[in-house]
Number of protein chains: 2
Amino acid sequence: MTDRPALSRVRVVLVQASHPGNIGAAARAMKTMGLSSLWLVQPKSFPDAEASARASGATDVLEAAQVVSTLTEALQGVTLAAALTSRRRELSLPAQWSREAAQTLASRAEHGEEVALVFGNETYGLSNEDLRVCQLPVMIPANPAYSSLNLGAAVQVMSYEISMALATPAALPVYGEPLATVDEVEALMAHIERATTATGFFNPANPKRLMPRLRRMFGRIALERDEVNILRGMLNFFERPLPGSAASTIAAPTRDDGKA
Amino acid sequence: MTDRPALSRVRVVLVQASHPGNIGAAARAMKTMGLSSLWLVQPKSFPDAEASARASGATDVLEAAQVVSTLTEALQGVTLAAALTSRRRELSLPAQWSREAAQTLASRAEHGEEVALVFGNETYGLSNEDLRVCQLPVMIPANPAYSSLNLGAAVQVMSYEISMALATPAALPVYGEPLATVDEVEALMAHIERATTATGFFNPANPKRLMPRLRRMFGRIALERDEVNILRGMLNFFERPLPGSAASTIAAPTRDDGKA
């Protein structure tokens, strides 16, 4: 169980945690399973004496925690973000149960990738906006009549499953190509939105479900970095006036003037 | 996950729990996994407002809890008592790891037997005397440098494992969206080739690997029919002159003329 570098590539992200005690409990749960990278997005109160008390012997995890203001910041460099959710949502990506998801995350981390477990607020869970930047919805099988795990308990279960998955290594899927990180995929989504707004295909005032649908489509696979670059290159060309169009004919002399 | 009578034959026994909050957390952890039978041996304080608060929606489990003065009383009728312990002890019985132990307990419970998970005091664990009346020492694999799970968290992990062992795995919700047919995907590829050739991004005389790479990407996605339609709609708009560009300004009167 010692010396498993993949564990250092699994980060736990708590979004808008409202009870400092739960942050402490999460830190303790993580450390018992060998995890150490804790990210806090807009915690209600941190640092906090209650968090330190509940962390018990895991105050080092709390002290090293990174506090940021958006989930995207917490996912910098991450190629697979798993979002804990208690129910299926419309247009969401295919979900995995906790055990299967832990195996997915563990094998990616063993392959050298940065991965994340993302947990929402105690009362509201994750917002749809937060879910959109995650690639893998995860559900812990629970009593349908009472499925509300405490935040610290949910972190304990997932940390335990990750640790178990890394203890008995599953066969590794082979990824030949470097994957895009969450922030690179976000930049692609912003680029698509900009380019389709320019053509009038997308209307930001009446967005309908275009962007969620595209996120869901791309989210079903792990986009490679080269693929993101190809798509963005394609968009760059779509954003220019078409060659031979009136606009490009008129624009050309301007460019020549600039050179003169 | 509903209607699993074996779950009612798994009791959780907390011996000399000293923090009422942990008793509440244990009740909540149990209920999320469908367990309901809680036994308390000499709790320091029970009932207690802190226990009720931490139990959240599982106060029914607390209210039905049985308070007794010895572990033997709590194990009346039980044929297999598993004792959670964080270390191997001298002269102890052969231990099992949490997952294997949960399977053992689950299969006994499915067979109609009463079984128990026994947890010791937060600081001292179980006494040797308590261990002697249990038949199965159980360890949760943990970080050797910090193996101290919170009591509620340990109850959560074991309840989860028991529930997983008893689960007739529910199929994850299925997504009913119709997938695109091969010919629809081929038409999309042809559309992309046409549109990117028009912008100059794709050069048919020197195609490189653009189309094979896009095919590989869409192939991994398994495109739905609606997604193909969205992408083709987007391409249709990219193929028109940009609104507000010189080309569209010049073109506009033509369309007006057409209507007149």
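A salt bridge is a side-chain nitrogen of Lys or Arg within 4 Å of a carboxyl oxygen of Asp or Glu. In this predicted model, A:E224 and B:R220 form such a pair, with their closest N and O atoms 3.9 Å apart. The pair crosses between chains, running from the loop between α9 (210–219) and α10 (225–239) of chain A, where A:E224 lies, to helix α9 of chain B, which holds B:R220. The points below describe the contact between the chains, the salt bridges, the nonpolar cores and some local features of the backbone.

**Chain A in outline**

- Chain A contains 11 helices and 7 strands.
- Of the 260 residues in chain A, 55% are buried.
- Among contacts in chain A with a separation of 6 or more, 85% are between residues 24 or more positions apart.

**The interface between chain B and chain A**

- On the chain B side 69 residues are in contact with 72 residues of chain A.
- The area buried between the two chains is about 6,200 Å², and carbon and sulfur atoms give 68% of that area.
- The rule finds 27 residue pairs in polar contact across this interface, with both residues at pLDDT 80 or more.
- Several helices of chain B each supply at least two residues of the side that touches chain A, among them α1 (20–32), α5 (98–110), α8 (182–199) and α11 (246–259).
- Helix α10(B) gives the largest share of that side, with 10 residues.
- By class, the side of chain B that touches chain A consists of 40 nonpolar, 16 polar and 13 charged residues.

**Salt bridges between the chains**

- Over all chains the count comes to 28 salt bridges, and 14 salt bridges are found across the interface of chain B and chain A.
- B:R220 also meets A:E227 in a salt bridge, at 3.0 Å from N to O.
- A:E224 is buried, because its relative accessible area is 5% and the limit for a buried residue is under 20%.
- B:R220, at 33% relative accessibility, counts as partly exposed.
- A network of salt bridges that share partners joins A:R213, A:R216 and A:R220 with B:E224, B:D226 and B:E227.

**Salt bridges within chain A**

- Side chains of opposite charge can pair when their charged atoms come close.
- A:R11 and A:E114 form a salt bridge, their closest N and O atoms being 3.2 Å apart.
- This pair links distant parts of the chain, 103 residues apart: A:R11 is in strand β1 (residues 10–15), and A:E114 is in the loop between α5 (98–110) and β6 (115–119).
- A:R11 is buried at 7% relative accessibility, whereas A:E114 is partly exposed at 26%.
- A second example is the salt bridge of A:R99 with A:E161, where the closest N and O atoms are 2.8 Å apart.
- A:R99 belongs to helix α5 of chain A and A:E161 to helix α7, 62 residues apart; both residues are buried.

**Nonpolar cores**

- In soluble globular proteins, nonpolar side chains tend to be buried together.
- The largest nonpolar core has 48 residues, and those with the most contacts inside it include A:V12, A:L14, A:L117 and A:F119.
- Helix α7 (residues 151–167) of chain A contributes the largest share of this core, 8 residues.
- Beyond its neighbours within four places in sequence, A:L117 is in contact with residues including A:V10, A:V12, A:L84, A:L105, A:M158 and A:I162.
- A second, separate core of 47 residues includes B:L84, B:A109, B:I140 and B:A142.

**Local features**

- A cis peptide bond joins A:F46 and A:P47, with omega about -5°; A:P47 is in the loop between β2 (37–41) and α2 (49–55) of chain A.
- In chain B the peptide bond from B:F46 to B:P47 is cis, with omega near -5°, and B:P47 is in the loop between β2 (37–41) and α2 of that chain.
- A:Q42, in the loop between β2 and α2 of chain A, has a positive phi near 45° and is partly exposed at 41% relative accessibility.
- B:K208 has a positive phi near 50°; this residue is in the loop between α8 and α9 of chain B and is exposed, with a relative accessible area of 65%.
- B:N150 is in the loop between β7 (136–139) and α7 of chain B and is buried at 18% relative accessible area.
- The side chains of B:N150 and B:N22 are joined by a polar contact of 3.1 Å.
- Leaving aside neighbours within four places in sequence, B:N150 is in contact with A:R28 and B:N22.

Conventions: Residues numbered from 1 in each chain as written. Chains lettered and ligands numbered in written order. Predicted model: local features only at pLDDT ≥ 70, side-chain atom pairs only at ≥ 80, totals over all residues. Heavy atoms only, no water. Contact = heavy atoms within 4.5 Å. Buried area = accessible area lost by both parts, 1.4 Å probe. Polar contact = N/O pair within 3.5 Å; in protein donor to acceptor, adjacent residues only side chain to side chain. Helix = DSSP H or I, 4+ residues; strand = E, 2+ residues; numbered from the N terminus. Nonpolar A, V, L, I, M, F, W, Y, C, P; charged D, E, K, R; others polar. Core = buried A, V, L, I, M, F, W, Y, C linked by side-chain atoms within 4.5 Å. Buried < 20%, exposed > 50% of the residue type's maximum accessible area, 1.4 Å probe, protein only.
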